[in-house]
Amino acid sequence: MLIVIFSFVHELQREAATHNDIIKFDFYDNYYNLTLKSVSVVRFAAKHCENAKFVVKMDNDMYPMVDRLMTKLGSLSQNAIYGSHRVNIKVSRESKYAVDKRDYYDDTYPVYHNGIYFIPGNATLPLYRAIVSSPSKGIIPALPFEDAYVSGILAERANVQRKK
């Protein structure tokens, strides 16, 4: 098993060295760091991909049909985050993934997308700024539900529309 892991790591390193197409962040990739990963991607896109038409956020258990994805992206305007709407979702206060009222005061999340959604490249900088420069609105720590945090809370603070 160790040999397989080493081989996989070696393959990733070779891929990165050959094509410069792998982004690596310095934290463990686990469920509790999904928000950190999503925010890191938004930050990277804001700094390095300002001309991208869209940044596609997709869970790792999804398999995209690239031809359909490209057709869909070609039909969208760059004025909103697009995806499957989640509306009036209550904030859990008493579960394994509870969010303390001191961390997020509303009882429901703003409209957000989950699973796969498309962020216009021109929205990545406003989303990132909403994280680092919203003290007048109160700082909201990175919550455990990355979809609600990025495509809901941050989008609302950055005045980025969300559409189906």
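Biologist: Is arginine 102 buried or exposed, and why does it count that way?

Modeller: Accessibility decides it. Over 50% relative accessible area is called exposed. Arginine 102 has 73% relative accessibility, so it counts as exposed. Keep in mind that this is a predicted model.

Biologist: Which residue does arginine 102 form a salt bridge with?

Modeller: Start with the general idea. Side chains of opposite charge can pair when their charged atoms come close. Here the partner of arginine 102 is aspartate 100, with the closest N and O atoms 3.0 Å apart. Aspartate 100 has 33% relative accessibility, so it counts as partly exposed.

Biologist: What does lysine 101 pair with?

Modeller: Lysine 101 forms a salt bridge with aspartate 107. Their closest N and O atoms are 2.7 Å apart. Lysine 101 counts as partly exposed because its relative accessibility is 43%.

Biologist: How many salt bridges does the structure hold?

Modeller: Eight. One of them joins lysine 57 to aspartate 147, where the closest N and O atoms are 2.9 Å apart. This pair links distant parts of the chain. Lysine 57 sits in strand β1, aspartate 147 sits in helix α5, and 90 residues separate them.

Biologist: Are lysine 57 and aspartate 147 buried or exposed?

Modeller: Both are buried. The cut-off for that word is under 20% relative accessible area. The two also belong to a network of salt bridges, which links Lys57, Asp59, Glu146 and Asp147.

Biologist: Now the strands. Which strands pair with β3, and in what sense?

Modeller: First, the general idea. In a regular strand the side chains alternate between the two faces of the sheet. Now the case here. β2 pairs with β3 in the antiparallel sense over four bridges. β1 and β3 also run antiparallel, joined by four bridges.

Biologist: In what sense do β2 and β4 pair?

Modeller: Parallel. Strand β2, residues 80-86, and strand β4, residues 161-163, pair over three bridges.

Biologist: Why is β3 described as largely enclosed by the rest of the structure?

Modeller: Count its buried residues. Seven of the nine residues of β3 are buried, so the strand is largely enclosed by the rest of the structure.

Biologist: Last topic, pockets. Which residues lie nearest the centre of the largest pocket?

Modeller: The general idea is simple. Rolling a probe the size of a water molecule over the atoms shows where empty space is left. In this model, the largest pocket has a volume of about 600 Å³. Its lining has 14 residues, and Leu12, Ile22, Ile23, Lys24 and Phe25 lie nearest its centre. Helix α1, residues 2-19, gives the largest share of the lining, five residues. By class, the lining has nine nonpolar, one polar and four charged residues.

Biologist: What is the volume of the second largest pocket, and what lines it?

Modeller: Its volume is about 450 Å³. It is lined by 18 residues, with Lys37, Ser38, Lys57, Met58 and Asp59 closest to its centre. α2, β1, β3 and α5 each supply at least two lining residues. α2 gives the most, five. The lining divides into ten nonpolar, two polar and six charged residues. Two names return here: Lys57 and Asp59 are also in the salt-bridge network.

How values were computed. Residues numbered from 1 in each chain as written. Predicted model: local features only at pLDDT ≥ 70, side-chain atom pairs only at ≥ 80, totals over all residues. Heavy atoms only, no water. 1 Å grid on protein atoms, 1.4 Å probe; cavity = no way out; pocket = protein on both sides within 12 Å on 5 of 7 lines; lining within 4 Å. Points joined across faces, edges and corners; volume = space filled by probe spheres on them. Nonpolar A, V, L, I, M, F, W, Y, C, P; charged D, E, K, R; others polar. Pairing = 2+ DSSP bridges. Salt bridge = Lys/Arg side-chain N within 4 Å of Asp/Glu carboxyl O. Buried < 20%, exposed > 50% of the residue type's maximum accessible area, 1.4 Å probe, protein only.
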